Amino acid sequence: MARTEAIALPRERQGAAWWRTNATALLFMGPAMVLVLVFFLAPVVITFVMSFTDLATSTGLSNWQWIGSANYERMFRSQFWFTILGNTLVYVAIVLAFNVVVGLGVALLSLHVEPKAGGVFRALWLLPRISPSVVYALMWTWAAASPPFGMLNYIVAPFGLEPRFWLQSDPWLIVILINGFVGASFGMLILTSAIKAIPEDLFRAARVDGANALQIVRRITLPLVKWPILFVLVYQTMSLFASYEYILLTTNGGPGLYGTETWSVWAFHTALANYYGNLDFAYGAAMSAILVLLGLGISIVLLRVFRFGQLVAEPRVEVD
Amino acid sequence: MRVALRGLTKKFGEVVGVHELDLEIRSGEFVALLGPSGCGKTTTLLMVAGIYRPTSGQIFFGDRRIDHLLPKERGIGMVFQSYALYPHMTVAENIGFPLELRRSVSNEERERRVREAAALVQVDALLDRRPAQLSGGQQQRVALARALVKRPDILLLDEPLSNLDARLRHEMRGEIKRLQKEVGITAIFVTHDQLEALTMADRVALMRDGVLQAYATPTELYARPVNQFVAEFIGTPPMNFFAADLAPRNGSLVARTEGIELALPAGPRGAKAPPTATVGIRPEHLAIVAPGQGEASGEVYVVEPMGREQIVDVQVGERRLRVIAPPGFVAKIGERVGLRFAPEQLHLFDPASGARLA
Ligand SMILES: Nc1ncnc2c1ncn2[C@@H]1O[C@H](COP(=O)(O)OP(=O)(O)OP(=O)(O)O)[C@@H](O)[C@H]1O
Ligand SMILES: [Mg+2]
């Protein structure tokens with residue numbers, strides 16, 4: 001409507017008409033847009049700009065220079081980038097699967113038991129998320145402590161497993177579990193509410209039609225929470241690529257050289273905590289820039305594969 | 001299949017949903033569970049379906065007690081108030097779902113029976129659509145087809161027409177009734193609309209607050225309501241009620257109150273007659289006559305033309321009586337009129353308990 005009007009107007013008045021129709025909308029969106037620019041877009045732009053300089057502790061804030069793509073060349077000449085990329089992909093894939101499968105499992109289980117018990121059960125799963133990251137990570141380092149200590153050693157003892165220093169012997173297991181349990185609570189929250197939003201009559205109808213509990217989950221529940229599952233999948237992929245804090249607090253990328261180092265941990269180590277004391281801000285920024293591109297690329301692929309347009313357009317559950 | 005409910009009770013914590021319900025449904029009978037919102041109709045139906053476990057009481061299908069069986073073992077088909085079509089399946093998949101879950105039904109047989117059921121309710125042209133692409137009436141038919149496709153012994157319908165517009169409701173009313181007789185299935189349907197119950201059902205079970213009030217044919221319910229609640233609930237516009245003093249005169253009884261004096265033809269006999277009663281008369285059993293004639297006099301309060309007839313409210317003393325008048329009736333508001341009571345159509349109720357006196 002507004003558009004057809006604008007076309008009919010003489011050229012110099014089009015701008016004025018556009019402002020008249022859209023000024024209110026801009027006014028209302030303004031604050032949110034400023035926030036997005038300052039806190040989301042600006043850091044990305046600064047990261048990219050910085051990645052073409054040699055800014056580091058050694059140059060100080062005033063003596064830096066433009067060095068073109070030297071940081072990127074250095075990164076891909078490094079003998080470790082391939083290992084670290086592999087680490088990252090394995091880490092993201094396994095933790096993602098854990099998040100979604102366990103999150104969905106907990107949501108389903110907790111909704112199939114007595115409501116109060118289900119609520120308590122879900123609350124327990126939220127504990128990792130609501131406890132401070134550092135406390136949660138410390139708990140895991142203690143649980144995985146070297147023998148004769150460590151709760152894990154006590155848990156596995158009855159199964160005849162030798163006590164061991166888990167962070168050394170099975171670092172990936174610990175990294176996956178610590179991130180997996182936190183992430184699972186996210187999937188659980190989203191999927192619990194999605195399942196609860198399915199009208200009760202659909203389940204009753206399915207029972208009358210002759211479906212057992214497993215058939216109801218497979219044929220009714222899962223297809224109806226397809227979109228929330230995809231949302232969890234996409235969202236968790238993004239946050240896992242960028243996550244580093246639990247790895248940092250437990251294995252710190254070890255054991256050995258880059259044993260569990262992921263791309264974001266690598267960037268952190270380079271830019272903010274490297275062994276030589278020279279904090280290579282610009283080099284780290286280049287690594288982060290790659291991470292941004294990787295995340296962007298993967299989200300585009302995921303949204304293509306899952307057809308985001310439909311996700312937004314298709315009505316989720318018809319109630320009547 | 002005969003259905004019998006014995007002392008069926010359902011409590012939700014402190015709340016009593018259904019209390020000691022006894023009901024016998026003959027094989028092939030179409031029974032309506034009728035009552036105001038929250039009276040326990042859906043709860044009853046869900047217990048018969050096996051979705052709710054009764055707190056106490058028994059359910060029999062034929063001679064077999066079935067209240068411990070799972071829904072799928074009961075041989076029932078059910079249409080839900082929301083239709084509960086699976087939104088992610090096509091019409092054909094929806095109708096075929098109950099058969100798909102049965103190993104014994106082959107793919108060819110399933111397809112054949114889906115087409116059959118769809119044709120029965122005239123949705124065979126819509127088999128590839130999703131529920132979201134159907135009108136309310138079409139969704140309703142699909143839900144019916146899904147309930148019937150497995151050839152159940154008993155069909156349960158929860159407010160099957162409440163989501164339809166007035167015209168479609170009328171159409172489906174007739175259609176469901178015809179279908180039920182055609183298939184010859186025992187059916188229970190829930191409704192809060194007395195007209196629906198009266199027009200469709202062979203017998204109507206009227207409930208209030210979880211307690212069965214009356215169980216009778218539509219004609220009996222209308223002609224001889226067993227208590228004041230039944231009298232009030234059945235019939236549109238609703239029955240008029242007023243309190244009156246009863247006094248004997250010439251061996252019969254006279255009911256008297258301000259502006260009204262009625263000789264009761266077959267009143268409660270002799271000594272048992274209480275001093276007062278609630279008198280009920282339906283609007284269609286009152287006639288407007290010239291002032292001074294009839295058993296009551298009052299003035300016209302409002303006239304509502306309805307096409308085929310008119311509803312006239314007449315102020316008689318303190319109370320207002322509703323009368324159905326022929327379309328030709330003309331009156332000004334405030335005009336004085338007389339009212340004639342059809343003598344055989346009076347209902348007397350105990351003022352305290354509401355039970356029928358005569
Ligand atoms: N799951 C439940 N938990 C607690 N109370 C319930 C539950 N289901 C029904 N009730 C209560 O039981 C009573 C009967 O409910 P029911 O749903 O059977 O009414 P209804 O006759 O179907 O009413 P409507 O015409 O509104 O559908 C109501 O008082 C209701 O609040
Ligand atoms: Mg109901």
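In which loop of chain B is B:Pro237 found? B:Pro237 is found in the loop between helix 8 (228–233) and strand 11 (240–249) of chain B, where helices (H or I, at least four residues) and strands (E, at least two) are DSSP runs numbered from the N terminus. This is a predicted model, in which local features need pLDDT of at least 70 and side-chain atom pairs count only at pLDDT 80 or more, while totals for chains, interfaces and linings use all residues. Residues are numbered from 1 along each chain as its sequence is written, chains are lettered from A and ligands numbered from 1 in the order in which they are written, and side-chain values use heavy atoms, with hydrogens and water left out.

**Backbone features of chain B**

- The peptide bond that leads from B:Thr236 into B:Pro237 is cis, with an omega near -15°.
- B:Glu20, which lies in strand 2 (residues 15–25) of chain B, has a phi near 45°, a positive value in a residue other than glycine.

- An oxygen atom of ligand 1 lies 2.7 Å from a backbone N or O atom of B:Gly38, and a polar side-chain atom of B:Lys41 is 2.8 Å from an oxygen atom of the ligand.
- In the side chain of B:Thr42, an N or O atom is 2.6 Å from an oxygen atom of ligand 1.
- On its own, ligand 1 has 630 Å² of accessible area (Shrake-Rupley method, 1.4 Å probe), and the protein covers 63% of that 630 Å².

**Interface of chain A and chain B**

- The contact (heavy atoms within 4.5 Å) takes 19 residues from chain A and 25 residues from chain B.
- The two chains bury about 2100 Å² between them, 60% of it on carbon and sulfur atoms, buried area being the accessible area (1.4 Å probe) that two parts lose on being put together, summed over both.
- A:Val208, A:Asp209 and A:Arg219 supply 32% of the area that chain A buries against chain B, more than any other three residues.
- Between the chains there are 3 salt bridges, each a side-chain nitrogen of Lys or Arg within 4 Å of a carboxyl oxygen of Asp or Glu, and one of them joins A:Asp209 to B:Lys150 at 3.9 Å, N to O.
- Helix 10 (200–209) and helix 11 (213–224) of chain A each supply at least two residues of the side that touches chain B, and helix 10 gives the most, with 8 residues.
- By class, that side of chain A has 9 nonpolar, 3 polar and 7 charged residues.

**Salt bridges in the whole structure**

- Over all chains, a search of the whole structure finds 21 salt bridges.
- A:Arg204 forms a salt bridge with A:Asp201, with the closest N and O atoms 3.5 Å apart, and both residues lie in helix 10 of chain A, 3 residues apart, about one turn of the helix.

Technical notes. A polar contact is a pair of N or O atoms within 3.5 Å; within protein, one must be able to donate a hydrogen and the other to accept it, and residues adjacent in sequence count only if both atoms are side-chain atoms. Ala, Val, Leu, Ile, Met, Phe, Trp, Tyr, Cys and Pro count as nonpolar, Asp, Glu, Lys and Arg as charged, and the others, Gly among them, as polar.
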